[in-house]
Amino acid sequence: MIEFKHVYKTYGADRHTLRDISFNINKGEFVFLTGPSGAGKTTLFKLISAYEKISSGEVFVLGHSLAKLKKGQIPFLRRKIGFVLQNYKLLKNKTVYENVELPLVILDVAQKEREQRVTEMLRQVGLETVKDQYPDYLSGGEQQRVAIARALIHEPEIIIADEPTGNLDPELSKTILNLFFEFSKKGVTFLVATHDYRLIDKQKCRLLKVDNGQLVEDAVV
């Protein structure tokens, strides 16, 4: 699903953001990624989604060697990846329904199918009653659930979540994490960056820790 083999990412002559990173993540696996600010987590995400190129080593995502991936193939790879960010990135001039529907519009999915899938997704994340609201009228937890629904609506195989509970209180963080685990049971692979060790302590899962560009821990906790 995701495999790194002795990956280096270097900026400039000698600044190694990632150094000799190797790991393998299987389909449906739920993995937390931790480490201090500047450790290399964001760079790692950019490599997985082909927004950056490796300096050396090999990265495989969904069976593709990213070093050999042609430019025209990159958008098709990204369609299989969903992104959930700390600041939501919702379109304020669109309703909850329209925000969630947008990826399907871009993919030119037929309207009837869009309606069915969006309605079901909103039900799964508990947002049916606010589907006609605009983001500014929602709580932080509701906005994050909209972002999750939008990331999942096109049925990606991988979800990358970068500090998805950073702006939420502990109870809402738990709710969001439970949503993630429910979807991981359906075969979606999750890679979640977080500084919140309370989340990690509540679930038995795999932990990858990076520090100073190196993988310093890979364990089930």
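Good morning. I begin with a cluster in which ring pairs link Phe-30, Phe-32, Phe-180, Phe-181 and Phe-190. Rings of Phe, Tyr and Trp (its six-membered ring) pair if their centres lie within 6.5 Å; planes under 30 degrees apart count as stacked, over 60 as edge-to-face and the rest as tilted.

A word on the source. This is a predicted model, in which local features need pLDDT of at least 70, side-chain atom pairs count only at pLDDT 80 or more, and totals for chains, interfaces and linings use all residues. Residues are numbered from 1 along each chain as its sequence is written, and side-chain values use heavy atoms, with hydrogens and water left out.

The structure holds six aromatic pairs. Which rings are stacked? Those of Phe-30 and Phe-190 are, because their centres are 5.4 Å apart and their planes stand at 15 degrees. Phe-30 belongs to strand β3 and Phe-190 to strand β8, so this pair ties together parts 160 residues apart in sequence. Helices (H or I, at least four residues) and strands (E, at least two) are DSSP runs, numbered from the N terminus. Both Phe-30 and Phe-190 are buried, where buried means under 20% relative accessible area, exposed over 50% and partly exposed in between (1.4 Å probe, protein chains only).

Phe-190 also forms a tilted pair with Phe-180, at 5.1 Å centre to centre and 40 degrees between the planes. Phe-180, in helix α6, is 10 residues apart from Phe-190.

I turn to the sheet. In what order do its strands run? It is an open sheet of six strands, β6-β7-β8-β3-β9-β10, with mixed pairing; two strands pair if DSSP finds at least two bridges between them. The edge strands, β6 (81-85) and β10 (214-220), each pair on one side only. Strand β9 (residues 206-211) runs antiparallel to β10 and is joined to it by six bridges. Val-210 has Leu-215, in β10, as its bridge partner.

Helix α6 packs on this sheet and touches β3 (30-34), β6, β7 and β8 (189-193); contact means heavy atoms within 4.5 Å.

Finally, α6 itself. The helix covers residues 170-184, which is 15 residues, and reaches 21 Å from its first C-alpha to its last, close to the 21 Å expected; the expected span is 1.5 Å times one less than the number of residues. Its buried residues include Ile-176, Leu-177, Phe-180 and Phe-181. At the start of α6, a side-chain oxygen of Asp-169 comes to within 3.1 Å of the backbone nitrogen of Glu-171.

How values were computed:
A polar contact is a pair of N or O atoms within 3.5 Å; within protein, one must be able to donate a hydrogen and the other to accept it, and residues adjacent in sequence count only if both atoms are side-chain atoms. Axes are lines fitted to C-alpha atoms, for helices over the stretch in contact, and angles run from 0 to 180 degrees between N-to-C directions.
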